[in-house]
Amino acid sequence: MMNGKTFMTTPYTRRKARQSGQSLIVAIVVMFLMMFLATIFVTMLVRGVARTERTSDISAADQLAQAGVNYANEQLVNSPEGADWRPVPSYPDPATVPAEDPDAPWLKDGYTRIQQGERGRFLLKIGYDPRPDESKSKYIKIHSIGRIGQVDPKDPTTYGEAASKLRREKTAYKPLLLGDYIKFVTNKDRQTAVSDLGITTPVQPSQTDPQNDVAPPPLPNQFASIFIGPLRVNSNLSVFGWNHWLLDPSRGDRIEVAGDIRFGNRNLVFPGPPAQRDISSLPADLFEGARAELRTINPQGNVLAGPFVAQPSRPEDPAASFDTFGGLYNDEDRNTRYWEPPILEKADSVGGVTRYRMLTRNSGVWQQRQDGSWYNTGQYGWGTGVYIRNDEDVQDESDDYTLRADWMAAPQAGQSMRVGRTYWRGQFYVPPGVVIELRPNDMVLTYTDASRRGNVRHWMDENGSDTGQSSIIRPYPDPPAAGRPAELVIFAEGNIRIRGVLGTAEKPVSATIVSDRTIYIEGNLLAGEPNLNEKSSLALLARDYVAVNTSQFFGPVKGAEQAIPDTNGEPPYHYVVGPGREMIVHFSMGSDQNFNGQDVPPRLFVRQTADPGGGGITQFTLGVNMGNGPAAWNLFGFDGITLFDGSNRPGGVRPPTEYWLGPTAFALGAQVDSNAVDVGQYEQRAFELPMDNLFGGGIDNYLLFTTGSNGIGLSPGQAYWLGSYAIQPLEMKIQAMVYAQEGTFFVIPGMWLNPNPRDTREHYWQMAAQDPNYRRGLEFPYTWDIFPFYGDPLDVRLHFRGSITENRAATASEVTEWMRRWGWIPDQYGSSAGSPTAHNDAGAPVKGLSALNLQFNPGLTFEYDDRMAMAGLRQGNGLPTRLRVDRFGRTLPIVPRLPLSPVLIYQGEELRG
């Protein structure tokens, strides 16, 4: 009741009240729903932003990791350090890494932290740890970790800001390539030409003459190409002749051809009539084409399995199939790809100077001249590396002149003298080039180029003043640490001519010698000889060619300036030794003269005669490693230094000695008057050299031919003609990593010791039945029976141990010519019936050959130096002892400052190529 009145509710009012309450509830529900949706939206938005940020961080971390790989690759390829480049660890002492540092686990493991702006950093580590039990380990490993945030060790507050666990890792590998193969044909310009391997004449005629029933001493009835180690060819490959490939699986040896493998010689015509063939031990299909036998060996050289007969990529026989022999033999169809080779001329990214000029010409100290100008002592050869400015020692090729054609054009008897440009001087090939004679404790560097003033170039001292000397003696650098090899880099603008022995067991040397043109190897080149010093190592890197100049194995030092043809201006040649005119020559022995378990003294085999235009008696004397001899022994123009004084001999291990083969009254037959001697009639004989007076181990020995007194005490007599000469038996060894960037590795064949094309083994067989002393008879009256026939190789084994990388392979016909002279060794000397050659052992001492049952005595063999694959010496347990490490103990390649290929292989890709 209200105001005395009663208030009554109606159904309408009650319904309206209920609706108002429901609206409030709905509003509240909607509000909460909107709040819930808003919360979800905000949450999703926040999470989306977080995901975006994380995705961005992940992408940034990935980019940072890639930046680390790119940075390392750039430094390895383009920096002066090359394959030696390693970043300095952020904490060389792991114990000093702060525990709260967010990168502590990696920094303690030797990583380098490099900040990349405000966004993040990468952690970088370069690994190189070759091991026989891990195939990937022979590659340089780049491991990069990308992480977000800045870290400043001087500001610990940044540790928390960069503490995110987010990281991205990338692993990449870089193959060294140089030093990875016994033979690697790079095909740098990716030409379509086919690379040859082998020789075009795999079998020699039998040595029995059926017509006269004469059985001369047996000679080889075949010779073959022998490669002990892995091979790679960046092109199609044609295999010729008979080939033996020996692979050591424990160091990852393989045959890799980035193209088709073909076999040549399908139409080979076997020389000689069928009656002369000796095929009892030869495979039946040899005469139908080439053959390659693959065997696996262990580190000691014992054969494990084989022979496996290799097939071409597309066998002609439908029943045949290509077999990889468990991955040992691969072509392009078996996933072998092209690998880009290293480039020597990489320029420093800052100064634009090429790597090896930076390491030599710019490696000295800066000094100021009196006129105020500045110069670097390295430009005169006085830096930490040795710079040689011999830019006139070059052999430019043209449309009508090529080096390979010149090398193959040694003048032979019966041929007209070559007209036009050539560097043949009689039996010697004499190219321009600085001469580097490596010795155990130092090296002799000799300029030979003629400057524009017409004089031989002289060396400058550190002040840029002329020393007046064309030769200098340079000691090797000091080693970085006890027991480690000293490191040496040499760069020459022109050709290099090199021989000798590098370092000693107590003071090993690791050297990289680079030529901007061509390198000639002119004798023994020992670096890593097991009996001398296994810690020394040598790389020969040439922009053009690397050639073994066999004509200089017994090369002239003095007196061979002019080779004189015997008659009518045609070969053969002679060198005149007369009053006041000596001839000095040198040779070296790769090791002590121990063959078949016994010391075999070398002999001088010589063609000699009297001057047919003179009169009287010819007398000559041969001096062997003389002591304080005449002034002529001061060969290189050193002031007050005589190379042959015992105190100055390399190593100084033996006193000065003298040995005389004369004075000898030299007479042809019963005549002493040279007027009775026909020109061209040469005595061909041998003199035994005294073992006690000779140096082994790659050290030069010197011989002096003279007829005059010259301080020796002889009457002058008349002129003596020295035709040709050689020293045998010898073991010639070349131990080096070789690279011919634009050209070819080549062996210059040279001339036969016996230049008379009538004095052949076949001719002897025809006449020996009538006259056993035929060679001492009328036609060749002054020839000893041990003197080689025309076409007989020398008793000299040439053993290459190392690695060869070349742009183009020599043709099979070129290889055949050098293998004819150096690829095999006769069983007997000449026509002797009891004078076996020292190398009449088909296998030893080259590992792996004894199991091949060869039908011939191998001369030239190629063996991979597994120190290159292991970066050190493999011990009895198979693990290597490192030769070179940096100051933080990290393993380096066995030679300094190698160039690297741009090839970069990421984790998960096929490393085989």
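In the predicted model, the second largest cavity is lined by 17 residues. Those nearest its centre are Lys183, Phe227, Val815, Trp818 and Phe862. The volume of this second largest cavity is about 180 Å³. At least two lining residues are supplied by each of β6 (195–198), β7 (225–228), β44 (796–806), α7 and β47 (860–864). By residue class, the lining of the second largest cavity consists of twelve nonpolar, two polar and three charged residues.

In total, ten cavities of 30 Å³ or more are present in the structure. The largest cavity has a volume of about 310 Å³. Its lining comprises 22 residues, and Gln427, Tyr725, Met751, Trp752 and Leu753 are the closest to the centre of this cavity. Two or more residues of the lining of the largest cavity come from each of β32 (570–577), β41 (720–728) and α7 (812–822). Strand β41 gives the largest share of that lining, with four residues. The lining of the largest cavity divides into 13 nonpolar, six polar and three charged residues.

Arg404 belongs to helix α5, which spans residues 403–407. The relative accessible area of Arg404 is 14%. Arg404 is therefore classed as buried, the cut-off being under 20%. When neighbours within four places in sequence are left aside, Arg404 is in contact with Glu397, Tyr545, Thr744, Phe746, Arg808, Ala809, Ala810, Thr811 and Glu814.

An open sheet is formed by five strands in the order β1-β2-β3-β4-β52, with antiparallel pairing. Strands β1 (112–116) and β52 (905–906) are at the edges of this sheet, and each of them pairs on one side only. The pairing of β1 with β2 (residues 120–127) is antiparallel and extends over five bridges. Within this part of the sheet, Arg113 has Leu123 in β2 as its bridge partner.

Methods: Residues are numbered from 1 along each chain as its sequence is written. This is a predicted model: local features need pLDDT of at least 70, side-chain atom pairs count only at pLDDT 80 or more; totals for chains, interfaces and linings use all residues. Side-chain values use heavy atoms; hydrogens and water are left out. Buried means under 20% relative accessible area, exposed over 50%, partly exposed in between (1.4 Å probe, protein chains only). Contact means heavy atoms within 4.5 Å. On a 1 Å grid over the protein atoms alone, a cavity is a set of points where a 1.4 Å probe fits but cannot get out, and a pocket is an open set with protein on both sides within 12 Å along at least five of seven lines; lining residues have an atom within 4 Å of a point. Grid points are joined across faces, edges and corners, and a volume is the space filled by probe spheres set on the points. Ala, Val, Leu, Ile, Met, Phe, Trp, Tyr, Cys and Pro count as nonpolar, Asp, Glu, Lys and Arg as charged, and the others, Gly among them, as polar. Two strands pair if DSSP finds at least two bridges between them.
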